[in-house]
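Biologist: Can you put the model up? I'd like to go through it with you.

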Amino acid sequence: KLASKELKQTKTTIQIDDLTIGGREIVIMAGPCAVENEQIFYETARKVKAAGAKILRGGAYKPRTSPYSFQGLEEEGLKMLALARRETGLKIVTEVVDTRDVEKVAEYADILQIGARNMQNFRLLKEAGASGKPILLKRGLAATIEEWLMAAEYIMSSGNPHIILCERGIRTFETATRNTIDISAIPVVQELSHLPVIVDPSHATGSWKYVDALSKAAVAAGADGLLIEVHDDPARALCDGPQSLRPDKFAFLVEELKAVAAAV
Ligand code: PEP
Ligand code: MN
């Protein structure tokens, strides 16, 4: 299999201009769950950049559990992402939820995100892969590591080897956190595959209070990076406010992570 270590022993790195994912440095992707309005988005972008994030996240197409929840600004959101990239120099990662949007999203984004709910949407995997853009592949809510790697295989077999795996918590019987973070997925994936693996402690826990501890745990376990939700004003967020860090807390965490990364 293309994603397996048996086939390729050296670790895959993803290169976007001068940024390397899967190299020696931990890469931090941060930003709000959704692109909501210009002012909050640019303010958040500016602050995560100042704190040391290299990639800006923000959903323009949101896969919401309820059809009555905010669904995203769509192309207007993509334009805000592109503007924020121009203003800050941050790279952009954003989710694509439909094969019909792949081309459009790929015009604006540096990395296409495949969300947990679409991990086994095989048509979407193939079309996103065919765009040639690096793909951030989230683990499905109830997917085994094997199934997750097979999803990566769909992208790779469409000719795109630039994949970043993202552990974002799985469904378990535990309800104290939104999902249960699978820290063991990090060393397991690194044993089975040459692909870089990052962790999203925000969706994994659903609560900003635990993001700090689990970010450190992920880095200590060898993750290649983190995807963290940060919002300039979490109380007013239209999506995932309770799990979003304020920029000042995020900046503090990034500083603390340096010591953890140095110890790995
Ligand atoms: C997200 O990153 O905003 C998101 C919807 O994540 P997931 O697909 O992991 O739920
Ligand atoms: Mn979110």
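Biologist: What kind of model is it?

Modeller: This is a predicted model.

Biologist: How many helices and strands does the protein have?

Modeller: There are nine helices and ten strands. The radius of gyration is 17 Å, close to the 18 Å that the globule rule gives for 264 residues, so the protein is as compact as a globular protein of that length.

Biologist: What does the C-alpha trace span along its principal axes?

Modeller: About 45 × 45 × 40 Å.

Biologist: And what share of the residues is buried?

Modeller: Buried residues account for 51% of the 264. As for contacts between residues at least 6 apart in sequence, 67% of them join residues at least 24 apart.

Biologist: Let's go to β3. Is it enclosed or open?

Modeller: Strand β3 covers residues 27-31, and five of the five are buried, so the strand is largely enclosed by the rest of the structure.

Biologist: Which residues sit on each side of β3?

Modeller: V27, M29 and G31 are on one side, with I28 and A30 on the other. They are all buried, so both faces count as covered.

Biologist: Which strands does β3 pair with?

Modeller: One is β10, residues 225-229, which runs parallel to β3 and is joined to it by five bridges. Within β10, L226 is the bridge partner of I28. β3 also pairs with β4, residues 55-57, in the parallel sense over two bridges. There, A30 has L56 as its bridge partner.

Biologist: How does the chain get from β3 to β4?

Modeller: It passes through helix α1, residues 38-51, and this β-α-β crossover is right-handed.

Biologist: Where is A53 in relation to that helix?

Modeller: A53 is in the loop between α1 and β4.

Biologist: Buried or exposed?

Modeller: A53 has 26 C-beta neighbours inside 10 Å, so it counts as buried.

Biologist: What does A53 touch?

Modeller: Leaving out residues up to four places away in sequence, A53 touches I28, M29, A30, V48 and L90.

Biologist: What separation do the C-alpha atoms of A53 and L112 have?

Modeller: 18 Å, with the two residues 59 apart along the chain.

Biologist: Switching to the backbone. Which residues other than glycine have a positive phi?

Modeller: Among them are D17, with phi near 50 degrees, and E74, at about 55 degrees.

Biologist: Where are those two?

Modeller: D17 is in the loop between β1 (14-16) and β2 (19-21). E74 lies in the loop between β4 and α2, the latter being residues 75-88.

Biologist: Last topic, the ligand. Which residues are around ligand 1?

Modeller: C33, G59, P63, G115, A116, R117, K138, R168 and H203.

Biologist: What is the shell like by class?

Modeller: The shell around ligand 1 has three nonpolar, three polar and three charged residues.

Technical notes:
Residues numbered from 1 in each chain as written. Chains lettered and ligands numbered in written order. Predicted model: local features only at pLDDT ≥ 70, side-chain atom pairs only at ≥ 80, totals over all residues. Buried ≥ 20, exposed ≤ 12 C-beta atoms within 10 Å, placed from the backbone. Helix = DSSP H or I, 4+ residues; strand = E, 2+ residues; numbered from the N terminus. Pairing = 2+ DSSP bridges. Right-handed = clockwise from strand over helix to strand, strands pointing away. Rg over C-alpha atoms; globule rule 2.2 N^0.38 Å. Contact = placed C-beta atoms within 7 Å. Near = placed C-beta within 6 Å. Nonpolar A, V, L, I, M, F, W, Y, C, P; charged D, E, K, R; others polar.
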